[in-house]
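The following exercises concern a single chain. Please examine the sequence and the model before reading each solution.

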Amino acid sequence: MQVNQRDLEAGIQTDFSDRLSYGGYLCLDQLLKAQQPLSTPVHHDEMLFIIQHQVSELWIKLLIHELRSAIAHVECNELASSFKILARVKLVQQQLFNMWAVLETMTPSEYAQFRPVLGQASGFQSHQYRTLEFLLGNKHAGHAEVFRYDPVLYAQIQQDLYAPSLWDVFLQHLARRGFPVPEVCLQRDFSQAYVKNPGVVVVLKTIYQQPETHWEAYEMAEKLVDVEEAFQLWRFRHMKTVERIIGFKPGTGGSSGVAFLKRALELTFFPELFQVRSEL
């Protein structure tokens, strides 16, 4: 008779009293204790809500790690080295997009039972999300003010606010390659929102019309389109999830809720990349 059991192989380690274990490497003792529901009695779905947002923050941490690396490569004129990084970024963004489906299994009445324990805590206060947007180019000095309570955190946010974004360093790279990128796009206050420039559209039109000649720049442009599209889909899914669960109630952090999230759908990181499509 076949036994529905798998024998333990002789080489498998079972004694970890004096060596690094799986849990030790991943710091699981800390990670798995970080879910602390505040509702009394604890509402079943609060665990889902906490884990959803903690996992999102972990993925965003990876996005920041990858985007900083991509920016460094572009600054060194190593576009090819950034391609795999940006492909990974796109896949991580897909994970973030798909996660909203799990949260949508929570009904409005279920969320309403523990929402009060959040107080004024809101995703708008996520310093990692703000860093992510700054790295991609959505700059707004006012968005950094919510972090003044933490001097170290505020200093880091300010540093990213004033640093060139991924789009900025790509335009600088194109200028170094001899493309006529307008000087106003290169020498500017990087803490300010980027303004679409028709001269950049002309540069991109040249690249898109001669992809064989400018293959690396062409490939980079398409990778950036991937990132922008995935980010917009994530924003849209977030907005629809919020609309589904709380309707048009104000956000916990003081925003107008769905209306505030809808306005974010009008924002773009790399505007000329979409404008050039009308010119081809």
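**Exercise 1: a surface patch**

Determine which residues form a nonpolar patch on the surface, and classify Tyr 25 as buried or exposed.

Solution. Step one: Leu 20, Tyr 22, Tyr 25 and Leu 26 form the nonpolar patch, with about 520 Å² of accessible area together. Patch members have over 30% relative accessible area and no salt bridge, and nonpolar side chains (Val, Leu, Ile, Met, Phe, Trp, Tyr) are joined within 5 Å. A salt bridge is a side-chain nitrogen of Lys or Arg within 4 Å of a carboxyl oxygen of Asp or Glu. Accessible areas follow the Shrake-Rupley method with a 1.4 Å probe, and for residues only the protein chains shown count as cover.

Step two: Tyr 25 lies in helix α1 (residues 22-26). Because its relative accessible area is 61%, Tyr 25 is exposed (over 50%; buried is under 20%, partly exposed in between).

The model is predicted: local features need pLDDT of at least 70, side-chain atom pairs count only at pLDDT 80 or more, and totals for chains, interfaces and linings use all residues. Residues are numbered from 1 along each chain as its sequence is written, and side-chain values use heavy atoms, without hydrogens and water.

**Exercise 2: helix α3**

Solution. Helices are DSSP runs (H or I, at least four residues), numbered from the N terminus. Asn 77, which follows α3, has a positive phi near 60°.

Technical notes: Helix = DSSP H or I, 4+ residues; strand = E, 2+ residues; numbered from the N terminus. Patch = residues over 30% accessible without salt bridge, like charges linked within 9 Å, V, L, I, M, F, W, Y side chains within 5 Å. Buried < 20%, exposed > 50% of the residue type's maximum accessible area, 1.4 Å probe, protein only.
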